[in-house]
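Open the model in your viewer and keep the selection tool at hand. This tour goes stop by stop.

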Amino acid sequence: MNRWKPWVLSALGAVLALVAWWIASDQAGSIYFPPLQDVLEGVWTYWVVGDGGRHLASSMVNLFAGLAIGVVGGFVLGLLIGQSRLVRTALTPSLEFVRAIPATALIPFAMVVFGLGSEMKIFIIALGTLFPILLNVIDGARELSQEARDTASSFGIRGWQKQWRVVIPSVLPRAAAGIRIALPLSLVLVVTSEMTGSNTGIGYVLITAQNSFNQTSVWGAIVLLGVLGVILNSLFGLVEHRLLAWDKGLHRQGDH
Amino acid sequence: MALLEVRDLTKTYPATRRGARATHVLDGVTFDVNRGEFFTIVGPSGAGKTTLLRCISGLLRPTEGSVTLDGRLVDGPPRELAPVFQDYSRSLYPWLTVAKNVALPLTSAGIAKAEVDDRVQHALASVGLKGEDAKYPWQLSGGMQQRVAIARALAYRAEVLILDEPFASVDAQTRADLEDLLLKVKHESGATFLFVTHDVDEAVYLSDRVAVVSKSPSRIEKLVDVHLPAERNQLTTKALPEFGELRAEIFATIRHLVVAKPTAQGPEYVI
């Protein structure tokens, strides 16, 4: 394939899917599948220029707060656990147990402890996104080769210098893999937590629309969530591309 | 007094499972390395050479025996030593450029930026890597990556360079180039070299003295003085009758060791 072909093909596929959706929903005449035109107009009038902005902002603030705590917590804990066999052995059974619990199962508990506000949602998102980062960083820290560690010791690179210059860069590709899993998970958790115990957020708008049989608004929220997911992934892709160019290059090299 | 004194170095790894036997890797290894000397340890594969080097480098605690460097007991990685490992792809950090890899030990030690830059440029120039500083190690060939590792040890101004089969994974022509580079670098820096290889020709060509070690549990079986002219040349030095004699002497020792010590799988005749 030429350089431009995959890009054109992807764009073409997306446009065709949209056209198909547009025509099918327009012809459907079903209250469950409102015309795409109405859905998009609803997105524009409610989410972009209307009252939806406040709910959108609330969802995004909680999502980023929870994700930030999950990522930083998972990263720091992963470095500690990954580099100490003692800590790893002591904590692995407990971690396996906590990891097995779906974060959503803790929503009722979190509602009691934190109430119905942001704290509850942030707690659920942080807990759910912590594990993919944590487990990846533990593996990454363990995988640092004997030669890499011997090199650091021999050249007197220790303490914070070793963490900052050697260990942390070496686990970054694994942490990025964890974040790739955590991103869509954070969107799932923000919506779920807003649906069950809240009066703000995209999930709240979605469940309210469903309760008042407003299918156009339901689809509007679904479309919005899809767009948000794509934007989050693309933004992270840009960050990854900048920060981990060396890792991409290294692996391209290995393919020869 | 010798610069590096290795005395009765013994390393035994305890049995990992009940019923398994402990692994006896080093069995009283004793030798001296003099200041400014090129000292090579040669032996069959599986002779615990890497374990020996890790003990000498202060990376691994010996079960018994001691290592003294310049009169001080080695009980951790000493400042005066710098390693060059066989696997350059692991010992050079892929997230750092060539220049930053060479600079890292210096910046970690808190040396001022201007001096770091100066030392890095000088070291890269002396291994023939001028102008490659902004590249990443993985963008270079294997031989060039090993040059970066040598430059890192030079910029660190180590008194003793410890090289563990550094040229084992490069092709023959590159290997010859790197051997000559090492001799040039040694001449310029005046550093002491402790070199490990399983290649007898390489050992004789590079060294002032060669120690032959047996298969594990290893000990020094023979010390050979290499009385070849100081100026070495891949063609003329290797054509000298003395070169052939030294080579044969070391070969015979290794072969005798390998045949005389049958392993559990039966005697092994090929090195």
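What follows is a list of selections, with a note on what each one shows.

**Before you start**

This is a predicted model: local features need pLDDT of at least 70, side-chain atom pairs count only at pLDDT 80 or more, and totals for chains, interfaces and linings use all residues. Residues are numbered from 1 along each chain as its sequence is written, while chains are lettered from A and ligands numbered from 1 in the order in which they are written.

**Stop 1: all of chain B**

Select chain B. It holds nine helices and ten strands. Helices (H or I, at least four residues) and strands (E, at least two) are DSSP runs, numbered from the N terminus. The radius of gyration of chain B is 19 Å, close to the 18 Å from the globule rule for 271 residues, so chain B is as compact as a globular protein of that length. That radius is taken over C-alpha atoms, and the rule is 2.2 Å times the number of residues to the power 0.38.

Turn the chain around. Its C-alpha atoms fill a box of roughly 55 × 50 × 40 Å along the principal axes. Of the 271 residues in chain B, 42% are buried. A residue is buried if 20 or more other C-beta atoms lie within 10 Å of its own, exposed if 12 or fewer, and partly exposed in between, with C-beta atoms placed from the backbone.

Next, contacts. Two residues are in contact if their C-beta atoms, placed from the backbone, lie within 7 Å. Among contacts in chain B between residues at least 6 apart in sequence, 69% join residues at least 24 apart.

**Stop 2: the two domains of chain B**

Colour 4-80 + 159-260 of chain B as domain 1, and 94-158 as domain 2. Such bounds come from an automatic or database domain assignment. The domain centres, taken over C-alpha atoms, are 25 Å apart. Where they touch, domain 1 gives 16 residues and domain 2 gives eleven. On the domain 1 side, β7 (160-164) and α6 (172-189) of chain B each give two or more residues. α6(B) has the largest share, seven residues. By class, this side of domain 1 has nine nonpolar, three polar and four charged residues. Ala, Val, Leu, Ile, Met, Phe, Trp, Tyr, Cys and Pro count as nonpolar, Asp, Glu, Lys and Arg as charged, and the others, Gly among them, as polar.

Now select residues 4-240 of chain B. UniProt lists them as "domain: ABC transporter" in an unreviewed entry. UniProt positions use the numbering here, feature names are shortened, and annotations may be inferred rather than shown by experiment. This stretch is 34% helix and 25% strand.

**Stop 3: strands in chain B**

Find the open sheet of four strands, in the order β2-β1-β4-β5 of chain B, with antiparallel pairing. Two strands pair if DSSP finds at least two bridges between them. The edge strands are β2 (23-33) and β5 (72-73) of chain B. β5(B) pairs with β4 (residues 64-69) of chain B over two bridges. Pick out B:Leu69: its bridge partner in β5(B) is B:Arg72.

Move to β9 (residues 209-213) and β10 (residues 220-225) of chain B, which pair in the antiparallel sense over five bridges. They form a hairpin with six residues between them. B:Val213 stands opposite B:Ile220.

**Stop 4**

Where does B:Gly48 sit? Its place is in the loop between β3 (38-42) and α1 of chain B. B:Gly48 has 24 C-beta neighbours inside 10 Å and counts as buried. B:Lys215 is 167 residues away in sequence, yet 7.3 Å away in space, C-alpha to C-alpha. Leaving out residues up to four places away in sequence, B:Gly48 touches B:Val25, B:Leu26, B:Ser216 and B:Ser218.

Select α1 (residues 49-56) of chain B. Seven of its eight residues are buried, so α1(B) is largely enclosed by the rest of the structure. Among them are B:Lys49 and B:Arg54. After the helix comes B:Gly58, with a positive phi near 75°.

**Stop 5: chain A**

Show both chains. 18 residues of chain A are in contact with 21 residues of chain B. On the chain A side, α7 (146-154), α8 (159-196) and α11 (245-255) each supply at least two residues. α7(A) brings the largest share, six residues.

Last, select residues 63-82 of chain A, one of the stretches UniProt marks "transmembrane region" in an unreviewed entry. Residues 63-82 are 100% helix, and their end C-alpha atoms are 27 Å apart.
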